[in-house]
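Colleague: I'd like to learn how to read a ligand site and a few backbone details. Could you walk me through them?

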Amino acid sequence: MCGIVGYIGKKKACPILLAGLNRLEYRGYDSAGISTVEKNGLSLIKDKGRVNHLASITGIDELEGTIGIAHTRWATHGKPSKENAHPHQNKTKTFSVVHNGIIENYHELRTLLEENGYSFVSQTDTEVIPNLIDYYYHKDPKQDELKFLRAVRNSCLDLKGSFAIEVISSDYPDNMIVVRKDSPLVIGSTEEENYISSDIPAILSYTRNFYLLEDFEFAVLSRTSAKFYTSDLVEINKKTQTIEWNATAAEKDGFEDFMLKEIYEQPNAVRETIGSRISLTGNCELSELHFSKLDLEKIQKIYIVACGTAMHAGIAGKNAIEKLCHITAEVDIASEFRYRDPLLDENTLCVFISQSGETADTIAALKLAKSKGAKTIAISNVIGSSITREADYSIYTHAGPEIAVASTKAYTSQVVLITILAIYFAEILGRCESSLLSELKSDLLALPKKIEETLKQNETIQEFARKIYQEKDVFFLGRGIDESVAKEGSLKLKEISYIHSESYAAGELKHGPIALIENGITVIGIMTDPRLVEKTISNIQEVVTRGAKTFIVTNQKINSNQFDRVIFIPDTNAFISPILSIIPLQLLSYYISKEKGLDVDKPRNLAKSVTVE
Ligand code: M6R
């Protein structure tokens, strides 16, 4: 959802900016643009359409500047068009600005600026920013070295909403100013250059040393330095953090698509997420957390809050928390939680899950929980992301960068980490038999091999995909923990194949949805819970009788003749079965999307990171 790139160094900025935009394409966008500091002032080239189109616009090859900003826009205010694309400039074209986020009070600011003689060429909220900067710049009588920064700072103080902003100026050809509030932005630094981006993978090939900005911290960048200021313009000392991901982790590395690569990375993502947190000899280690037995005994309720796939991981993990810790756990959609006035107090623990750590609704839900005194834990894949900075405690999945919009390895790693969290709490609380915990630990450790085994079923899955890729509706059914996998399988399918799909608790079939089952329709059943397998089989029989094509994922010994295709997966502990049973469904969605000739990694209308409401 909107992408920002910036460069200030000794090389030509344009190729670096275009490469960065290409790497951010997965975030979703409809227009792109670039502005560089040239000898004769600021360049500005932008249009609706893809980055490839931007790169082909006449004049772009002639840009020589070594400082520049670039942007991919995902339209919010005003349709995708050249005028609405970023960067935006003030009337006299002395400032260029790119912006991610939403300026909620832009209308009021625009009116104020118009009253002061400013005019606008776009319908965007962003265009107020370069004009505000111009306004404050000219109003400021002082002529010192902080004048540019003061103008940006004063403008930002007027903005309500969320923003990550880069500003360059023709009057300051050796500087760039960046600032963020509730919107992601990182600065990658080397001795001779600074790279700016909405996320780490886009600039990982240049450096692994990153500055992470807090809300309302301003960075004044030159080629060889980065100075940081608070909103009171007090200079602060900031250290870089080294990011362990390597550059090939953000490349396709021989795979046709990022999604396929990420599906195949799951054994390792799970292995890394388990790391040394689990061993068969000692207690589970989550050194980032500091909970005493007394702290945990006070917790009366646990909320798991997230969006989309991360929320499905929460549903899959809730069982382990309830059963092992004997604490009621509830899963909430972040966009609902934040507005439904949930009952929260200091005896509530809220766990927020977000791969990116930048999802606007999840961040807002976290802020709400904190304001009501609840204890908060963030589970994220991105070091230093917003939710990890906001929460009382943060624990990380170590899945490596996830580029495809459709989340795969983040999901399985999240389920692993919530399970580890449940074990960690359970060991402190001592409410659960230790043999149960030991068994679960050894099953967790065995998972990477079992994922590898499951992935070997790819050809059978691809063959079934060829059979059903032209379907219009698909149903996913499961009971208990398998229902959570049905939800995730259904989301995956609709996201990347655009096939309408529904997921149901299998027992609900007779209460309505069976009316939709007709000859030839596809029904996908997940059956991993031995207690419930017979019941789910009966439900699936009912759809077989009505002519449905069936695709079953199971770890149970069932008679496969009764269904069109059965994928047998390795058996494992019931708490973590989703980590294996989701894999055939990820592959099925992937192959269906490929059969349909769709862009698997960048599905229509979707953004990887939903940083606005
Ligand atoms: O970065 P997050 O985990 O907070 O993202 C949450 C959802 O937007 C995300 O899981 C989305 O549903 C995926 N595209 C699903 O594949």
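Modeller: Happy to! One term before we start: helices here are DSSP runs of H or I with at least four residues, numbered from the N terminus. Please keep in mind that this is a predicted model.

Colleague: Thanks. Which helices each supply at least two residues of the shell around the ligand?

Modeller: They are α9 (308-325) and α16 (481-497). Seen by domain, at least three shell residues come from domain 2 (252-455), and at least three from domain 3 (458-595).

Colleague: How many residues surround the ligand, and which are the closest?

Modeller: The ligand has 14 residues around it, and the closest are Ser-354, Gln-355, Ser-356, Thr-359 and Glu-495.

Colleague: How should I read the polar contacts?

Modeller: Look for pairs of N or O atoms within 3.5 Å. In this model, a side-chain N or O atom of Ser-354 is 2.5 Å from a ligand oxygen, and for the side chain of Ser-356 the distance to an oxygen atom of the ligand is 2.6 Å. Thr-309 takes part through its backbone, with an N or O atom 3.1 Å from a ligand oxygen.

Colleague: How much of the ligand does the protein bury?

Modeller: On its own the ligand exposes 410 Å², and the protein buries 91% of that. The space that the ligand takes is the largest pocket.

Colleague: And the backbone details?

Modeller: As a general idea, most peptide bonds are trans, and most residues other than glycine have a negative phi. Here the His-86 to Pro-87 peptide bond is cis, with omega near -5 degrees. Pro-87 sits in the loop between β5 (67-73) and β6 (88-89).

Colleague: What is phi of Leu-233 near, and where is that residue placed?

Modeller: Leu-233 has a positive phi, near 65 degrees, and belongs to the loop between β14 (226-229) and β15 (235-236).

Note on methods. Residues are numbered from 1 along each chain as its sequence is written. This is a predicted model: local features need pLDDT of at least 70, side-chain atom pairs count only at pLDDT 80 or more; totals for chains, interfaces and linings use all residues. Side-chain values use heavy atoms; hydrogens and water are left out. A residue is near a molecule or strand if one of its heavy atoms lies within 4 Å of it. A polar contact is a pair of N or O atoms within 3.5 Å; within protein, one must be able to donate a hydrogen and the other to accept it, and residues adjacent in sequence count only if both atoms are side-chain atoms. Accessible areas come from the Shrake-Rupley method with a 1.4 Å probe; for residues, only the protein chains shown count as cover. On a 1 Å grid over the protein atoms alone, a cavity is a set of points where a 1.4 Å probe fits but cannot get out, and a pocket is an open set with protein on both sides within 12 Å along at least five of seven lines; lining residues have an atom within 4 Å of a point. A molecule sits in a cavity or pocket if more than half of its atoms lie within 2 Å of its grid points. Domain bounds come from an automatic or database domain assignment.
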